[in-house]
Amino acid sequence: MFDVPFWLWVVFAATVVVSLAVDLLAHRSAHVIGFREAAAWSGLWVGLALVFGAVVFLVLGSTAGTEYTTAWLLEKSLSVDNLFVFALIFAYFQVPRAYQHRVLFFGVIGALVFRGVFLAAGVAVVNRFTAVLFAFAAILFYSVYKILKGEEESFDPGRSFAVRLLRKFVPVRDTYAGQKFFVKEAGKHVATPLLAVVAAIEAADLIFAVDSVPAVLAVSDDTFIVYTSNAFAILGLRALYFMLSGLLERFHYLSTGLAVILGFIGVKLILQAMHKMVSPAVPEIPSPVSLAVIVVVLAVSVTLSLRRPADAKEGKDGQDTDALREPSPRKVK
């Protein structure tokens, strides 16, 4: 655990709040976000994360800085899977492109809250019960199995727990009303489908947290490092989605690369647990090595995807990949 000065927490919180406020003001009017605008915002978020990482290096030292950078890059790479789910949810609910940023904005706020809770709980459990690292490793190995077997967990936006719970307590109309989440009908407030979409986005993030939380805890057990790195990765997720929208299928080797990364992190967790519980002679994988492995695997995955493009019309089993990723959209009922 690092001795994090209180002012650094304040700087982090202020950076997040100001960044979200600027982002919200910049996108207060509904409009379709094009590639150039998304690329500019994505560059801004990445730059902000790296600048904060430099501050961590200077204030907390090279070990903390390396762990922060590794955790941020790991979360950034794992979040690519979220982009496919975003596309599925938007197609399912027929969300107009001009309204998608508003949905993701509030989805990010929810993700920041829930990830904070999960990561704080995870750090507390790991620090008290080292054996839980074996369970985390098992979760990651199972995720690797599902990815390599093509059995990644499916997600039905309309049947997610969050959406069903919302419909139970709040009536949801079938049509959108601009960027509004609620409208008044017959003297009563009813939700628009946009609120159901936010609920679906939050439910999807909870599912992905099952993989990402154990993975990032393999990099560091310091609350400040794991949360700040996750937060900056999540903040840049919206811009990354709009920048890569329509290009996601081109990176067809990325899922295999993510499986390799998760498997590597699983091994790292086991070695950490054995080092603490069995013998100090059991070697641990240093953070610089973890960072190097993640960078190399991602670079190779992207390079192979671009050099060996997959058939645009057929997936592994000769099925229409667009149909697999974006099923026929339907209205909220």
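In which helix is the place of Phe118? In this predicted model, Phe118 is located in helix 5. The relative accessibility of Phe118 is 35%, and the residue therefore counts as partly exposed, since that class lies between the limits of 20% for buried and 50% for exposed residues.

Aromatic side chains were examined next. The structure holds 17 aromatic pairs. One of them is formed by Phe52 and Phe232, whose ring centres are 5.0 Å apart. The angle between the two planes is 40°, and the pair is classed as tilted. Phe52 lies in helix 2 (residues 35-60) and Phe232 in helix 9 (residues 223-235). The two residues are 180 residues apart, and the pair thus links distant parts of the chain. Phe52 has a relative accessible area of 4% and is buried. Phe232 is also counted as buried, because its relative accessibility is 1%, where the class requires a value under 20%.

A further aromatic pair is formed by Phe86 and Tyr241. Here the distance from centre to centre is 5.9 Å, and the planes are at 75° to each other, an edge-to-face arrangement. Phe86 is part of helix 4 (residues 80-92) and Tyr241 is part of helix 10 (residues 237-244), so this pair ties together parts of the chain that are 155 residues apart in sequence. Both Phe86 and Tyr241 are buried.

Aromatic residues also come together in a group. Trp9, Phe12, Phe52, Tyr68, Phe224, Tyr227 and Phe232 form one aromatic cluster. The cluster includes Phe52 and Phe232, the two partners of the tilted pair described above.

Gln94 is found in the loop that runs between helix 4 and helix 5. The phi angle of Gln94 is near 55°, which is a positive value in a residue other than glycine. Most residues other than glycine have a negative phi. With a relative accessible area of 37%, Gln94 is partly exposed.

Technical notes: Residues numbered from 1 in each chain as written. Predicted model: local features only at pLDDT ≥ 70, side-chain atom pairs only at ≥ 80, totals over all residues. Heavy atoms only, no water. Helix = DSSP H or I, 4+ residues; strand = E, 2+ residues; numbered from the N terminus. Buried < 20%, exposed > 50% of the residue type's maximum accessible area, 1.4 Å probe, protein only. Phe/Tyr/Trp six-rings, centres within 6.5 Å; stacked < 30°, edge-to-face > 60°.
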